[in-house]
Amino acid sequence: MMAMLAVVSGLSVAQSVAGAPARADDGDIWHVPGNVALLSYLPNTFELGAAYSPIGSSGTPVTFSNLQNGTLDVAIKSSSLAYFLFKQGGTVTNWLGGSLRLGRPLSLGYAYSWTSGVPGSGESNLGMMVRPFNFASLGLTLDTNPLAPAVLGFGLAVRPLAFVPHLAPWLALTADAPV
């Protein structure tokens, strides 16, 4: 019974914002693909996530009889490893990553993602997160893909409610940009 409660308490149902990586904010499981190093800072040891959007790959809503063309995201996370499956139309992308926390202020991570049926689609993601204080985080990412130039990214997150512990996770102000 206790194991069942742990799984239910770690259930996340949300939708990630497409094209908007969160490199320094550890708000929830959906931010992990933005910076794999965030895995070390998420509060729950085990999480499951599922999200479905009835918006097709063309950006238009799908009809009820055509629901398989929507966007489906599935995630599973342990304390330092995570797997994501992103399905949009006929395209399936797999993402597998892990992180290592080096003391309280530093976390390093590596992830690899690939798209089924697309040769050469493998992408490596390196991430680093520095949290010198409870109210501030800095994130740095490097995404490499053999089919495109490497992308270096930087993120900053400030949690203004960090001094009120029960309210701290409720608000984070973030800024993320490619460098």
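Figure 1. The model is predicted: local features need pLDDT of at least 70, side-chain atom pairs count only at pLDDT 80 or more, and totals for chains, interfaces and linings use all residues. Numbering starts from 1 along each chain as its sequence is written, and side-chain values use heavy atoms, with hydrogens and water left out. Six aromatic pairs occur in the structure. One of them joins F84 and F86 in a stacked arrangement, with 5.7 Å centre to centre and 10 degrees between the planes. Pairing applies to rings of Phe, Tyr and Trp (its six-membered ring) whose centres lie within 6.5 Å; planes under 30 degrees apart are stacked, over 60 edge-to-face, and the rest tilted. W30, F84, F86 and W95 are linked by ring pairs into a cluster.

Figure 2. Helices (H or I, at least four residues) and strands (E, at least two) are DSSP runs numbered from the N terminus. Strand 3, residues 71–77, pairs with strand 2 in the antiparallel sense over seven bridges; for two strands to pair, DSSP must find at least two bridges between them. In this pairing G49 has A75 of strand 3 as its bridge partner, and S53 has T71. Strand 3 also pairs with strand 4 (residues 81–88), again antiparallel and over seven bridges. There, L72 is bridged to K87 of strand 4. A hairpin of three residues joins strand 3 to strand 4.

**Figure 3. The two faces of strands 2 and 3.** In strand 2, E47, G49, A51 and S53 make up the covered face. The uncovered face of strand 2 consists of L48, A50 and Y52. In strand 3, the covered face holds T71, D73, A75 and K77. L72, V74 and I76 form the uncovered face of strand 3.

**Figure 4. N35 in the loop between strand 1 and strand 2.** The loop that holds N35 runs between strand 1 (11–12) and strand 2 (47–53). N35 counts as buried because its relative accessible area is 1%. A polar atom of the N35 side chain lies 3.2 Å from the backbone oxygen of M128. Leaving aside neighbours within four places in sequence, the residues in contact with N35 (heavy atoms within 4.5 Å) are A22, R23, G127, M128, M129, G139, L140 and T141.

**Figure 5. M128 in strand 7.** Strand 7, the location of M128, covers residues 123–133. M128 is partly exposed, at 29% relative accessibility. Apart from neighbours within four places in sequence, M128 has contacts with N35, A37, L106, S107, L108, L138, G139 and L140. The C-alpha atoms of M128 and T141 are separated by 6.4 Å, while the two residues are 13 residues apart along the chain.

Figure 6. A172 is partly exposed, with a relative accessibility of 28%. Beyond neighbours within four places in sequence, A172 is in contact with D25, V158 and R159. A172 and A24 are 148 residues apart along the chain, and their C-alpha atoms are separated by 9.8 Å.

Figure 7. The protein has one helix and ten strands, in the order α-β-β-β-β-β-β-β-β-β-β from the N terminus on. The mean pLDDT (the predictor's confidence in each residue, from 0 to 100) of the protein is 80, and 80% of its residues reach 70 or more. The pLDDT is below 50 over residues 1–18, a stretch with 24 contacts in the model beyond near neighbours in sequence. Of the 179 residues, 34% count as buried. Of the contacts between residues at least 6 apart in sequence, 41% join residues at least 24 apart. The accessible surface comes to about 10,000 Å², of which 71% belongs to carbon and sulfur atoms; accessible areas are from the Shrake-Rupley method with a 1.4 Å probe, and for residues only the protein chains shown count as cover.

Notes: Buried < 20%, exposed > 50% of the residue type's maximum accessible area, 1.4 Å probe, protein only. Polar contact = N/O pair within 3.5 Å; in protein donor to acceptor, adjacent residues only side chain to side chain.
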